[in-house]
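Here is a short briefing on one protein model. Have the sequence and the coordinates at hand.

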Amino acid sequence: MAGYLKKLGGAAKAAAAGAFSGNDNDMDDGGVEELLERISDGVLADDRRSAISELRVRVAESAEAQLALGAIGLPVIIT
């Protein structure tokens, strides 16, 4: 359990460093930002649902997408 928490802490630090570095070109978000925009700004419920499904797949497959979701996606997911 401690090893898992240590890895999670390291990932959070890396996400925060990438999110607050001011250089957006360094971090590949794996398409997460576009999906989050569709979720938050989508007019049709079907579009929002499909964006959530795509986001789940990308986060499951990509470490970059996981970091991007943690860094920029939490406010979208909460609201």
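Which side chain does the side chain of S62 join in a polar contact? The partner is E64, at 3.1 Å. The model is predicted, and the points below set this contact in its context.

**Around S62**
- S62 sits in the loop that links helix 3 (45-61) to helix 4 (63-78).
- S62 counts as buried because its relative accessibility is 17%, and the cut-off for buried is under 20%.

**Overall fold**
- The protein has four helices and zero strands.
- Along the sequence, the pattern reads α-α-α-α.
- Of the contacts with a separation of 6 or more, 48% are between residues 24 or more positions apart.

**Burial and surface**
- The protein has 79 residues, and buried residues make up 20% of them.

**Helix 3**
- Helix 3 has 17 residues, which should span 24 Å at 1.5 Å a residue.
- A51, L55 and V59 are the buried residues of helix 3.
- Viewed down the helix axis, these buried residues fall within an arc of 65°, so they line one face of helix 3.
- Helix 2 (32-41) and helix 4 are among the elements that cover the buried residues of helix 3.
- On the other side of helix 3, the exposed residues include D46, R49, R56, A60 and E61.

Technical notes:
Residues numbered from 1 in each chain as written. Predicted model: local features only at pLDDT ≥ 70, side-chain atom pairs only at ≥ 80, totals over all residues. Heavy atoms only, no water. Helix = DSSP H or I, 4+ residues; strand = E, 2+ residues; numbered from the N terminus. Buried < 20%, exposed > 50% of the residue type's maximum accessible area, 1.4 Å probe, protein only. Polar contact = N/O pair within 3.5 Å; in protein donor to acceptor, adjacent residues only side chain to side chain. Contact = heavy atoms within 4.5 Å. Expected span 1.5 Å × (residues − 1). Arc of directions from axis to C-beta.
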